[in-house]
Amino acid sequence: MKTLKIIKIGGSIIDDSKALNQFLAQFSKIKELKILVHGGGKSATRLAKQVQVEVKMIGGRRVTNAETLDIITMVYAGKINKNIVAKLQQHACNAIGFTGADGNTIVSDIRPIKDIDYGFAGDIKRINTQIPNLLLKEKITPVFCAITHDENGQLLNTNADTVASELAIAFAPRYKTELYYCFEKNGVLKDVNDNDSVIENINKENYQDLLKQRMITDGMLPKLNNCFHAIDKNVQKVCIGKSEMLFESTTNHTTIQV
């Protein structure tokens with residue numbers, strides 16, 4: 001069974017052109033089949049502020065009204081996605097950019113209103129792997145942004161960590177899937193102010209202890225939930241840390257275990 005690496009990058013890489021160029025140059029050299037997933041929340045937030053659209057976050061997740069959805073679509077599916085694809089082409093890595101609407105690849109339901117109304121936020125219902133798999137067979141790299149759709153003409157803002165996790169799960173029956181969350185820290189930290197305080201291994205048992213000790217911050221909660229969901233659904237390997245973990249032999253990252 002071939003290995004497929006699902007790699008998610010966030011704003012710390014995307015917002016730094018030098019860091020992004022370095023990452024994509026290295027990413028293009030990965031020999032295994034690969035899919036890149038990106039967010040872009042910081043860029044969307046900056047544009048929203050420039051046009052005086054309120055930015056509202058609850059529990060690490062963005063509240064998406066109609067104006068915010070327009071901004072996110074322009075930034076994620078437009079500027080960031082196409083910039084990444086162009087740079088991958090520069091490094092001889094043939095790539096195609098996707099939203100979930102392209103090829104009907106990621107179908108979501110609008111998040112139901114319970115205690116909080118998240119607006120045009122999407123919870124993934126189904127992944128259609130047919131078209132991405134055809135591309136992978138031709139050694140073409142899919143690049144997904146965090147926009148999905150509901151099959152009724154509505155685009156939806158969807159957590160990029162969730163997109164990466166669900167893609168890894170969907171491809172698990174076909175490939176040995178590995179999921180990597182790359183961000184600015186070395187991994188999940190005991191002390192958010194000490195980048196060397198990496199928790200190298202997290203399982204379900206010590207995760208509960210970390211929650212009780214309040215070592216997990218709001219933004220890390222949905223990420224770790226996605227990690228455990230992926231492990232439970234037969235994803236072979238899940239890691240969190242700096243992008244160097246992909247290219248160097250290092251234990252300086254967090255591995256999620258059963």
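**View 1. Ala92 counts as exposed, at 73% relative accessibility.** Here exposed means over 50% relative accessible area, buried under 20% and partly exposed in between, with a 1.4 Å probe and protein chains only. Ala92 sits in the loop between helix 4 and strand 5 (95-98); helices (H or I, at least four residues) and strands (E, at least two) are DSSP runs, numbered from the N terminus. Its phi is near 60°, a positive value in a residue other than glycine. A word on the model: it is predicted, so local features need pLDDT of at least 70 and side-chain atom pairs count only at pLDDT 80 or more, while totals for chains, interfaces and linings use all residues. Residues are numbered from 1 along each chain as its sequence is written, and side-chain values use heavy atoms, leaving out hydrogens and water.

**View 2. Asn104 lies in the loop between strand 5 and strand 6 (106-110).** Although not a glycine, Asn104 has a positive phi of about 55°. With 26% relative accessibility, Asn104 counts as partly exposed.

**View 3. Helix 7 (residues 204-212) packs with helix 8 (residues 220-232) at an angle of about 165°.** Their axes, lines fitted to C-alpha atoms over the stretch in contact, with angles running from 0 to 180 degrees between N-to-C directions, are 12 Å apart. That makes helix 7 roughly antiparallel to helix 8, a label for angles over 145 degrees. Lys204, Tyr207 and Leu211 of helix 7 meet residues of helix 8 including Leu224 and Phe228, where contact means heavy atoms within 4.5 Å.

How values were computed:
Parallel < 35°, antiparallel > 145°, perpendicular 65-115°, else oblique.
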